[in-house]
Amino acid sequence: MAEMGSKGVTAGKIASNVQKKLTRAQEKVLQKLGKADETKDEQFEQCVQNFNKQLTEGTRLQKDLRTYLASVKAMHEASKKLNECLQEVYEPDWPGRDEASKIAENNDLLWMDYHQKLVDQALLTMDTYLGQFPDIKSRIAKRGRKLVDYDSARHHYESLQTAKKKDEAKIAKAEEELIKAQKVFEEMNVDLQEELPSLWNSRVGFYVNTFQSIAGLEENFHKEMSKLNQNLNDVLISLEKQHGSNTFTVKAQPRKKTKLFSRLRRKKNSDNAPAKGNKSPSPPPDGSPAATPEIRVNHEPEPAGAATPGAALPKSPSQSSLPAVVVETFSATVNGTVESGSGAGRLDLPPGFMFKVQAQHDYTATDTDELQLKAGDVVLVIPFQNPEEQDEGWLMGVKESDWNQHKELEKCRGVFPENFTERVQ
């Protein structure tokens, strides 16, 4: 009998829930069709929008924080392997072996401590913060359902009151259901009206606390890591002093192409060499570089009407067979400026200037077309007239000191290995 009673109660509850869902569905349809009014609370709706935004932002922060922690873990593993490699190659008779081993051990501990503190002070706090959202989200949804129940009960009570044939018993029962539905809704509504604004305002303090914790932990970590790196550097310096004769030397990439200036000189000699059987070379054809007169530009103003002495002006370079870079230089010089590939138009820089580099190591030139560099020399980089002449890992340029003194590219320019320098501008 008890079992039958239990089943009956369960079946009755299920039927009641099904009836509630049907009633809510009908009420929503009527509201959407405009046949039934809907209770609105704009202030609460704004609170719900803020809640959803806060949940989205918190979820993203949690995801990015987990990614950050995974990166810290990966860096820890990479650092550990690198230190293990150093210990393997560090031979027993080298000075500082024990110190290097101790530094590697402290490095490992420092990474572990950093990761654990991030978990304790940031990730767990983040999880606690987000842990309150599911319950509130569920209560917001339930409050929405209770609002529909309240509207449905209200509309049912109003329809019975306005009916032509009134049934007082039904009206009394409908009124009782309305009061009950209203009470349930208002209890949930009041609680959420208090909690949601409070939760929304708490985000500021949470963000401040979270990012301050991360920033402080990272700052302390890098301070301690900096000390370990300095200690390791001191150990390696002592090793270098003992084995100074075996210091590693930076080398330039080999040049595979024919030396630039040597090739130009050979070409020039070939062009100027007389043909067999001729006593003197034939005059160069009109329009060739040899036939083009020297270009001189006077930047100082001349008196009005004054005639230009000497030969007539040459043809515009754009109409001759000069290389494109010469044409650009000619046009820029005539206009009083030097236009570079990077947009710098100043007369104190060589034509085509791109950027500056500074030598980090000494470089001894091995050919006449190469620049001799000392650590600290600043070089003004310019393009190759023919890009095909550029070897991989080599740049064309002129030392800034030489350019300021001579202002002549032909005397000062040369190629140099890029890996011996560092870009400074």
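I began with the sheet, which is open and has 5 strands in the order β4-β3-β2-β1-β5 with antiparallel pairing; strands are DSSP runs of E of at least two residues, numbered from the N terminus, and two of them pair if DSSP finds at least two bridges between them. β4 (414–417) and β5 (421–423) stand at the edges with a single partner strand each, so one side of each has no neighbour in the sheet. Neighbouring strands here are turned by 50 degrees against each other on average, direction ignored, with axes being lines fitted to C-alpha atoms.

I noted that this is a predicted model, in which local features need pLDDT of at least 70 and side-chain atom pairs count only at pLDDT 80 or more, while totals for chains, interfaces and linings use all residues. Residues are numbered from 1 along each chain as its sequence is written, and side-chain values use heavy atoms, without hydrogens and water.

Next I looked up β1 (residues 355–359) and β2 (residues 378–382), which run antiparallel and are joined by 4 bridges; Val-357 has Val-379 as its bridge partner in β2.

I then searched the whole structure for salt bridges and found 14, each being a side-chain nitrogen of Lys or Arg within 4 Å of a carboxyl oxygen of Asp or Glu. In one of them the side chains of Asp-127 and Arg-66 meet at 3.4 Å, N to O. Asp-127 lies in helix α3 (residues 97–131) and Arg-66 in helix α2 (residues 42–89), so this pair ties together parts 61 residues apart in sequence; helices are DSSP runs of H or I of at least four residues.

Conventions. Axes are lines fitted to C-alpha atoms, for helices over the stretch in contact, and angles run from 0 to 180 degrees between N-to-C directions.
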